[in-house]
Amino acid sequence: MVRVVVLGAGVAGHTAALHLRRLLGTRHKVTVVSPNSHWNWIPSNIWVGVGEMTKEQVIFPLAPIYAKQKIDFVQARAVAIHPNGTKDDPVGSVDVVSTEAGREGQERRLRYDFLINATGPKLRFEATEGLGPHGGHTVSVCTADHAVEASKQLDATIAKLKSGQRQILVVGTGHGTCTCEGAAFEYTFNVEHQLRQAGVRDKAQLIYLTNEAQLGDFGVDGMAFKQKGFEQSSRMWTESLFNERGVHSILGAHVSKIEPDTIHYETLDGKTWTQHFDFAMLLPPFGGAGLKAFDRDGSEITDQLFAPSGFMKVDADYTAKPYEQWVAADWPKTYEVPGFPRIFAAGIAFAPPHQISRPRKTPNGTMIAPAPPRTGMPSGMMGKSVAQTIADRIKHGPDAPAHEASMARIGAACVASSGTGMLKGSAAAMTMFPVVPNYQKYPDSHGRNFNGTRGDIGLYGHWVKLMLHYLFIYKAKALPGWQFIPE
Ligand SMILES: Cc1cc2nc3c(=O)[nH]c(=O)nc-3n(C[C@H](O)[C@H](O)[C@H](O)COP(=O)(O)OP(=O)(O)OC[C@H]3O[C@@H](n4cnc5c(N)ncnc54)[C@H](O)[C@@H]3O)c2cc1C
């Protein structure tokens, strides 16, 4: 019996675990370790954050799903990996600390034959003084609980607007190195929609504050589309949406500090500014989960497996070189950890070789560099591909070739809702192929294939977003036919 341990039950880890069980049958043991008892469909946290969905609509308990799938579930946080085993045991293992009610803090060591690290992001609110809902002055929509709190504060702001008080609402990124600008963009337009629905739009100033150097960058260096025969850019497309909805933007900004009603930030020209706010939702920068690694003799080898950011080093080309020399082939394909053939990292947990957007520095030396997004679709595809590789190696031996899911060869779809309602809703739907531009292969279309790169906004986008919500929750619950729903 082979033991596969999956760390994380998010998009990449959960997808990997379900596919492993499907591919391996019940002869081998699949264990999922995750600190949360519930699965969360994170994209719909946006709707929880504006009060259009409840927390219960975007989460469900994992234990019954795993029990049905005969997957062992350990509700715990992984803290350390022993890739070469320990002094007394040559088999690889991972140390976990329980988060289960009644067993909090209890430690366990799980032995594995194959390990998938799919621990997603650590939300690094601490990177900016005063950022975030835990003792800071801003809200977040990164978790369902954060989104519930965001919705409460938004309601309070709308109540003040209704009583005639003018309010300033700021949505965006809380640090120069944040990612996930698409989520901040989406929340901005959902808030804008709520303000209009409440009849108070005229009294509210809505500001999008971002580390992107220009609108429509989304951390992927923007996109070029062909629409009705004309070339359009995501910048023009996004700018026209901002103009139409009266949303002001602050671009190329690194937030350095937040006081109870004031955001301090620096812009690309090196100037420093303050912005008053009454309500602010600012995303944190992401880091790796903070796992450590130890050799058999107990010496620490974390730097062999992890980049300084805490993300896991995989089969990417991490050679430091100038932006102009970055190529699509630098990006990982198989997500194997070099030197540790039984360990893989999928989803946000792997260390990207470099940004996709051009990183910039202010004259004061402050980095303003959107980190590359690793969105749901590529994360799911990585999880599936890693599961396929492991299943093949279990069945056919260690030389079975690895499956590939390079972000330079796969596309992504992002449907950013800009208001809910079956008749009044709308969404900006964007697809890009590939996610990481390949300027050698597609020199005349900004590194991407025009056939797979599009942008559109309208009511149908809202229906697509709603359909994705139900479809992916259905899939994550492993209900009949789940495997036919694409990642
Ligand atoms: C507000 C918001 C909206 C978004 N909207 C979209 C969208 O519309 N479309 C889209 O494609 N993407 C969207 N994304 C991005 C999407 O959520 C991520 O791409 C996706 O969740 C990444 O999958 P993952 O498995 O790598 O990480 P996650 O889904 O975050 O999963 C990580 C898992 O690891 C667990 N974990 C953490 N630490 C440990 C540990 N030490 N040990 C064990 N387990 C651990 C976590 O509990 C979790 O189960 C959005 C993100 C945000 C924040």
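These questions and answers concern a predicted model.

Visitor: Why is C180 called buried?
Guide: A residue is buried if 20 or more other C-beta atoms lie within 10 Å of its own. C180 has 25 C-beta neighbours inside 10 Å, so C180 counts as buried. C180 lies in the loop between strand 10 (167-173) and helix 5 (181-197).

Visitor: What makes the phi of C180 worth a remark?
Guide: Most residues other than glycine have a negative phi. C180 is not a glycine, yet its phi is positive, at about 70°.

Visitor: Why does D221 count as buried?
Guide: The cut-off is 20 or more other C-beta atoms within 10 Å. D221 has 22 C-beta neighbours inside 10 Å, and therefore counts as buried. Its place is in the loop between strand 11 (204-209) and strand 12 (224-227). D221 also has a positive phi, of about 65°, although it is not a glycine.

Visitor: What kind of peptide bond joins F433 and P434?
Guide: Most peptide bonds are trans. The bond between F433 and P434 is cis, with omega at about -10°. P434 lies in the loop between strand 26 (427-432) and strand 27 (454-458).

Visitor: Which residues come nearest to the ligand?
Guide: Of the 35 residues around the ligand, these are G8, G10, G120, G347 and G376. The elements that give two or more residues to this shell include helix 1 (11-24), strand 2 (29-34) and helix 8 (376-396).

Visitor: How is the shell around the ligand divided by class?
Guide: The shell has 21 nonpolar, 12 polar and 2 charged residues.

Terms used:
Residues are numbered from 1 along each chain as its sequence is written. This is a predicted model: local features need pLDDT of at least 70, side-chain atom pairs count only at pLDDT 80 or more; totals for chains, interfaces and linings use all residues. A residue is near a molecule or strand if its C-beta atom, placed from the backbone, lies within 6 Å of it. Helices (H or I, at least four residues) and strands (E, at least two) are DSSP runs, numbered from the N terminus. Ala, Val, Leu, Ile, Met, Phe, Trp, Tyr, Cys and Pro count as nonpolar, Asp, Glu, Lys and Arg as charged, and the others, Gly among them, as polar. A residue is buried if 20 or more other C-beta atoms lie within 10 Å of its own, exposed if 12 or fewer, and partly exposed in between; C-beta atoms are placed from the backbone.
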